[in-house]
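User: I am new to this structure. Could you show me how to read its features, one at a time?

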Amino acid sequence: MLKGIAASQGIAIAKVYKLVQPELVIERKEAVAEEEVAKFEAALEKTKSDIELIKERASGKLSEAELEIFDAHLMMANDPELSGQIIDMIKNENCNAEYAVDSVANMMVAMFESMDNDYFKERAADVKDVTFRMKCNVVGAVVPDLTTINERVVIVAEDLTPSDTSQLDKKYTVGFATQIGGRTSHSAIMARSLEIPAVVGIPGLLDAVNHGDEIILDAIEGEVILNPTAEQVAEYTEKMKKFNDDKEALKVLLHSKSVTKDGHEVELAANIGTPKDVQGVIDNGGEGVGLYRTEFLYMNSETDFPSEEEQFEAYKTVLENMNGKKVVVRTLDIGGDKKLKYFTFDPEMNPFLGYRAIRLCLDRTDIFRTQLRALIRASVYGKLCIMFPMIATINEFNNAKAIFEEEKAKLIAEGVAVSDKIEVGMMVEIPAAAVLADQFAKVADFFSIGTNDLIQYSMAADRMSEKVSYLYQPLNPSILRLIKMTIDGAHKEGKWTGMCGEMAGDPMAVPVLLGLGLDEFSMSATSILPARKLITEMSLSDAKALAEEALAKNTAEEVSELVKKAINK
Ligand code: PEP
Ligand code: MG
């Protein structure tokens, strides 16, 4: 049995799909030109049909814009310039086919990358992708592709990129397990919004697992069992049934309010990554969207930043489908572990502390303004709140807000209908902002506490590293005090505070947060009903007493003991 971190609850029993890129070692060899040309031509044909097949299987699952990447790849594979150069090299140098593909590819990539033009830089990525597939086909290596999965599998990988995760088809991918990552890594967050069981941060996973193995993924305990016995399969099938039955039983709370026994009401909202996730919010009794991570719109775009129109459509869809319920949209939070295919970040020693989120948007105001225009235009379709990520200083907030006001005024001058009720708030995820919350509350309409980053920055512990994952301590009194400062700062100015970090849906944290006065809890949709059950079984006065005691403790363990006692009372 291997152990990791349960990142998205559930149980899955299926075959392993091991997602590893083959490692090709390519060396120059003397060879017979005709034989190598024939090998290359066969590999070229297979490359084209592979791409056609992937495109066919992906259509219906991916958007038109996402499918365009396959056309670009087909065009590249059909380019006589590329194949001509490879064949010439084989003939002139009597070298092996894979070496010729590799050499020509490297030359082309270097040429495209040296051009100061995003379009050509993007072509370099196409050359790499297509020629990688060609090389694999020459040497007979298999290129894994998530869109070709057509049986029930558990994906096993080192990590899944956010765009890998957003392409998973729930019908076939019944779970995933990764070697790296923690509860708040983005693949874990996506797993929760897709409601796919996931265990992350499993040391030694890739060495232990083979493609096609049978696997039990226990994403309640954070365990993985390989090639289980018949008894284990029976035991976990039973456990899976119980998990699903318990989930079903919570449905009685679907349409109830989130009110404590003594009548204090809070709002339970959901975090989403794409407009498609809205259905999950409604199905799980979400009272709003507390965080729409718009960066997925940017990450799923293949060749350029999404246009104003494309963004407008996405925001409008979410607002309309939420039917007048509050939707908090976060402006672009890119950088850190979130990269774009069409934008090159300069290398930095510490990308999580670097050029990201609002820092990038205030520097590249062209990108920021496009997003704000799309949002402001969409504001008439529902109840829109906008928030800025990674705010560290009052000046950053004021500058971002001023750009928002400018774009709003321009749209009004253009005669475009805009709502006059848009709230403009900020994420509190940098300790500096939490400490100064009373001042920020004078300028921001609301706060949403991003505990994934707030804990990472307070503890100086990389949220992607399983080695320091023990420092992810939502219940540490230091974190609780920062949260208290934020909530109190907002309330003093009559503003509301939400929380959209993973802590908001953690059953061990909910009672304390309730007692600290949190107004809105935004979490993975599947955590909403369990949280509602917890809240309706508590009283605010007990929660307040619990929070007060917790703030005075020394360690997260002590707070955890307190909470356990309070819940079991
Ligand atoms: C957070 O930091 O808590 C948060 C909600 O944002 P993200 O996880 O996207 O960084
Ligand atoms: Mg964050």
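Predicted model: local features only at pLDDT ≥ 70, side-chain atom pairs only at ≥ 80, totals over all residues.

User: Are Glu429 and Asp453 buried or exposed?

Analyst: Relative accessibility decides that. A residue counts as buried under 20%. Glu429 has a relative accessible area of 2%, so Glu429 is buried. Asp453 is at 3%, so Asp453 is buried as well.

User: How many residues of α18 are buried?

Analyst: Eight of its nine residues are buried, so α18 is largely enclosed by the rest of the structure. Among them are Thr451, Leu454, Tyr457 and Met459. Just after α18 comes Ala460, with a positive phi of about 50°.

User: Now ligand 1. Which residues are closest to ligand 1?

Analyst: Look at the shell first. It holds 16 residues, and the closest are Arg293, Arg330, Gly450, Asn452 and Arg463.

User: Which element gives the most to the shell around ligand 1?

Analyst: That is α18, with three residues. At least two residues each come from α7 (186-194), β11 and α18.

User: What polar atoms lie by the oxygen atoms of ligand 1?

Analyst: Take them one by one. In the side chain of Arg293, an N or O atom is 2.8 Å from an oxygen atom of ligand 1. For Thr451, a polar backbone atom is 3.1 Å from an oxygen atom of the ligand. In the side chain of Arg463, an N or O atom is 2.7 Å from an oxygen atom of ligand 1. On its own, ligand 1 has 290 Å² of accessible area, and the protein covers 100% of that.

User: Where do Tyr292 and Tyr315 lie?

Analyst: Tyr292 is in strand β11 (residues 289-293) and Tyr315 is in helix α12 (residues 308-321), so the pair ties together parts that are 23 residues apart in sequence. Tyr292 counts as buried, at 1% relative accessibility. Tyr315 counts as buried too, at 2%.

User: Which residues form one aromatic cluster?

Analyst: The cluster is made of Tyr298, Phe305, Tyr342, Phe343 and Phe345.

User: Which charged residues sit over rings?

Analyst: Here are two cases. Lys316 has its charged end over the ring of Tyr381, 5.0 Å from the ring's centre. Arg377 lies over the face of Phe312, and its distance from the ring centre is 4.2 Å.

User: Last one. Is Asp420 buried or exposed?

Analyst: Exposed means over 50%. Asp420 is at 65%, so Asp420 counts as exposed. Its place is in the loop between α15 (394-413) and β14.

User: How far apart are Asp420 and Tyr298?

Analyst: Count along the sequence, then look in space. They are 122 residues apart in sequence. C-alpha to C-alpha, Asp420 and Tyr298 are 27 Å apart.

Terms used:
Residues numbered from 1 in each chain as written. Chains lettered and ligands numbered in written order. Heavy atoms only, no water. Helix = DSSP H or I, 4+ residues; strand = E, 2+ residues; numbered from the N terminus. Buried < 20%, exposed > 50% of the residue type's maximum accessible area, 1.4 Å probe, protein only. Phe/Tyr/Trp six-rings, centres within 6.5 Å; stacked < 30°, edge-to-face > 60°. Lys NZ or Arg CZ within 6 Å of the ring centre and 35° of its normal. Near = heavy atom within 4 Å. Polar contact = N/O pair within 3.5 Å; in protein donor to acceptor, adjacent residues only side chain to side chain. Areas by Shrake-Rupley, 256 points an atom, 1.4 Å probe, with all protein chains shown as cover.
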